[in-house]
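Good morning, and thank you for making the time.

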Amino acid sequence: MVRFDPKACSACQACAVACIDENDLPRGRGKVCAWRSVTETEKKTGERWTFSRKMHGCMHCVKARCMEVCPVGCFTRERGLVLANKEACIGCGKCAQTCPFDAIRFDADGRIEKCDGCIDRVRHGLRPACEQICPPQALRFILE
């Protein structure tokens with residue numbers, strides 16, 4: 001499970017940069033390529049400005065809807081992280097339709113792609129790259 005504190009977050013996008021670097025993802029212009037990113041919204045009400053931040057990415061939910069609806073069981077859990085087996089995916093899209101965080105994408109072949117919580121790092125006793133780099137520590141993975 002991932003905990004995100006929007007009040008602590010500075011929207012610096014260090015999490016997105018770390019994600020792109022760690023996963024060797026393409027660097028796109030005007031398009032979020034990282035598995036994790038933050039958007040910031042500004043709103044003026046009268047004389048006062050308010051800012052809100054929203055985390056985008058897999059939250060590795062305790063009760064993961066994607067796991068519940070997948071007809072072929074291509075999702076597993078390891079150390080608290082929800083992992084997807086791309087080879088088992090049939091591309092039905094049910095997981096993406098039910099994910100409240102819009103965290104699931106599909107590759108050119110119609111197979112699932114999603115954040116794996118830097119499982120290789122976690123297996124070696126390290127924290128996920130996005131969490132480790134977060135300057136205000138607004139992001140925290142609860143690993144088992």
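**Cores, hairpins and a pocket**

The largest nonpolar core contains 20 residues, and those with the most contacts inside it are Cys 66, Phe 75, Cys 95, Ile 104 and Ile 112. By a nonpolar core I mean a set of buried Ala, Val, Leu, Ile, Met, Phe, Trp, Tyr and Cys residues joined through side-chain atoms within 4.5 Å. Buried stands for under 20% relative accessible area, exposed for over 50%, and partly exposed for what lies in between, with a 1.4 Å probe and protein chains only. The largest share of this core, 3 residues, comes from H1. Helices (H or I, at least four residues) and strands (E, at least two) are DSSP runs, numbered from the N terminus. A second, separate core of 16 residues includes Ala 11, Cys 15, Met 55 and Ile 119.

Before going further, a word on provenance. The model is predicted, and local features need pLDDT of at least 70, side-chain atom pairs count only at pLDDT 80 or more, while totals for chains, interfaces and linings use all residues. Residues are numbered from 1 along each chain as its sequence is written, and side-chain values use heavy atoms, with hydrogens and water left out.

Is Phe 75 buried or exposed? Its relative accessibility is 7%, so Phe 75 counts as buried. Setting aside neighbours within four places in sequence, Phe 75 is in contact (heavy atoms within 4.5 Å) with Cys 66, Met 67, Cys 70, Val 82, Leu 83, Ala 84, Cys 95, Ile 104, Ile 112 and Lys 114. For Cys 95, leaving out residues up to four places away in sequence, the residues touched are Cys 66, Val 69, Phe 75, Ile 104, Phe 106 and Ile 112.

Next, helix H1, residues 14-23. Its buried residues are Ala 14, Cys 15, Ala 16, Ala 18, Cys 19 and Ile 20. Among the elements that cover them are E2, helix H5 (129-133) and strand E8 (139-141). After H1 comes Asp 24, whose phi is positive, near 50 degrees.

I now turn to the strands, where two strands pair if DSSP finds at least two bridges between them. Strand E2 (residues 37-45) and strand E3 (residues 48-56) run antiparallel and are joined by 9 bridges. Within this pair, Thr 41 stands opposite Ser 52 in E3, and Lys 44 faces Trp 49. The hairpin of E2 and E3 has 2 residues between the strands, and Gly 46 there takes a positive phi near 65 degrees. Ser 37, in strand E2, is buried, with a relative accessible area of 5%. From Ser 37 to Met 67 the C-alpha separation is 23 Å, and the two are 30 residues apart in sequence.

E4 and E5 also run antiparallel, joined by 4 bridges, and Thr 76 stands opposite Leu 83 in E5. Which residue takes a positive phi in the hairpin of E4 and E5? It is Arg 79, near 55 degrees, in a hairpin with 2 residues between the strands. Most residues other than glycine have a negative phi. Arg 79 is partly exposed, at 34% relative accessibility. Ala 11 likewise has a positive phi, about 60 degrees, although it is not a glycine. Ala 11 lies in the loop between strand E1 (2-4) and helix H1, and is buried at 18%.

Finally, the second largest pocket, with a volume of about 200 Å³. Of its 15 lining residues, the closest to its centre are His 56, Gly 57, Phe 101, Asp 102 and Arg 105. On a 1 Å grid over the protein atoms alone, a cavity is a set of points where a 1.4 Å probe fits but cannot get out, whereas a pocket is an open set with protein on both sides within 12 Å along at least five of seven lines; lining residues have an atom within 4 Å of a point. Grid points are joined across faces, edges and corners, and the volume is the space filled by probe spheres set on the points. E3 gives the most to this lining, with 3 residues.
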